[in-house]
Amino acid sequence: MAGWGSQLVGYVLGVGGWMAIISSTAQPQWKQSSYAGDAIITAVALYEGLWMSCASQSTGQVQCKLYDSLLSLDSHIQASRALMVLAIVLGFLAVIVSVVGMKCTKVGDNAPVIKSRIAVAGGILFLSAGFCTLVAVSWYAAKITNDFFDPFTPINARYEFGSALFVGWAAALLTSLGGSFLCCSCPKEEQRGQMYYRSSQPSTVRETTFKKSMTANGEQYL
């Protein structure tokens, strides 16, 4: 079975990835205006995210506007919203469940098999959160790429990848790694039997067995 050290590493990676998911969801820089091939120098940079669009001027002033209607948004934005929110919820559940199943915590020490299974469940939740994030970010990036290389898209209306996409990819990687480490806590069949026998055997039986073995050893030496 995986040691508590690998579980702790997986938990730290999972929590870090979950925080990065929240940061990526809140950032408005999912795509930013591109001026590739444009000789006109503009003093305004445009950004768009899942919740708002922003305009940054050369003076440092930034103006943002929330999207007025949910139904009027493109399908990829609505889907990315839903997936990112789902990833945040799954990550929150994974943080809570993983704490209960980790070896370094005292919760459920009398049932080690169930405790290891809870840790595996937390790892699966982290993996699910990373998968939802990866799908949302990659889908949004694919839409940006298609619009950028579309010959009917005006040059001044083209966008490139924003910083939030890279944060989302990093978050998906971290949560996936953390979930993988926690999933390694699943005990093997023979280890499950030994753990169940040790946990189910009464203390009096263990003491009697120990005394018998000590007596036998003493008689042998005599």
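1. Contact, as used in this note, means heavy atoms within 4.5 Å. The model is predicted, so local features need pLDDT of at least 70 and side-chain atom pairs count only at pLDDT 80 or more, while totals for chains, interfaces and linings use all residues. Residues are numbered from 1 along each chain as its sequence is written, and side-chain values use heavy atoms, with hydrogens and water left out.

2. Helices (H or I, at least four residues) and strands (E, at least two) are DSSP runs numbered from the N terminus. Helix H1 (residues 4-26) has 23 residues and reaches 33 Å from its first C-alpha to its last, close to the expected 33 Å, where the expected span is 1.5 Å times one less than the number of residues. Among the buried residues of H1 are Gln-7, Tyr-11, Trp-18 and Thr-25, buried meaning under 20% relative accessible area, exposed over 50%, and partly exposed in between (1.4 Å probe, protein chains only). The buried residues of H1 pack against H2, helix H3 (112-148) and helix H4 (163-183).

3. The UniProt record, an unreviewed entry, annotates residues 82-102, 118-141 and 161-184 as "transmembrane region"; such annotations may be inferred rather than shown by experiment. In the model, residues 82-102 are 95% helix and 0% strand, with end C-alpha atoms 30 Å apart, and residues 161-184 are 88% helix and 4% strand, with end C-alpha atoms 35 Å apart.

4. Three salt bridges are counted, each requiring a side-chain nitrogen of Lys or Arg within 4 Å of a carboxyl oxygen of Asp or Glu. Lys-31 pairs with Glu-48, the closest N and O atoms being 3.4 Å apart. Because Lys-31 lies in strand S1 (residues 31-33) and Glu-48 in strand S2 (residues 44-48), this pair ties together parts that are 17 residues apart in sequence. Lys-31 is buried, at 14% relative accessibility.

5. Asp-68 forms a salt bridge with Lys-65 at 3.6 Å between the closest N and O atoms, and Asp-68 is exposed at 71% relative accessibility. Asp-147 and Lys-143 meet at 3.8 Å, N to O; being four residues apart in helix H3, they are separated by about one helical turn. Both are partly exposed, Asp-147 at 30% and Lys-143 at 33%.

6. Trp-51, Leu-66, Val-85, Val-89, Phe-92, Leu-93 and Ile-96 form a nonpolar surface patch with about 630 Å² of accessible area together. Helix H2 (residues 75-101) supplies the largest share, five residues, whereas Leu-66, in strand S4 (residues 62-66), is exposed at 56%. Patches are made of residues with over 30% relative accessible area and no salt bridge, like charges being joined within 9 Å and nonpolar side chains (Val, Leu, Ile, Met, Phe, Trp, Tyr) within 5 Å; areas come from the Shrake-Rupley method with a 1.4 Å probe, and for residues only the protein chains shown count as cover.
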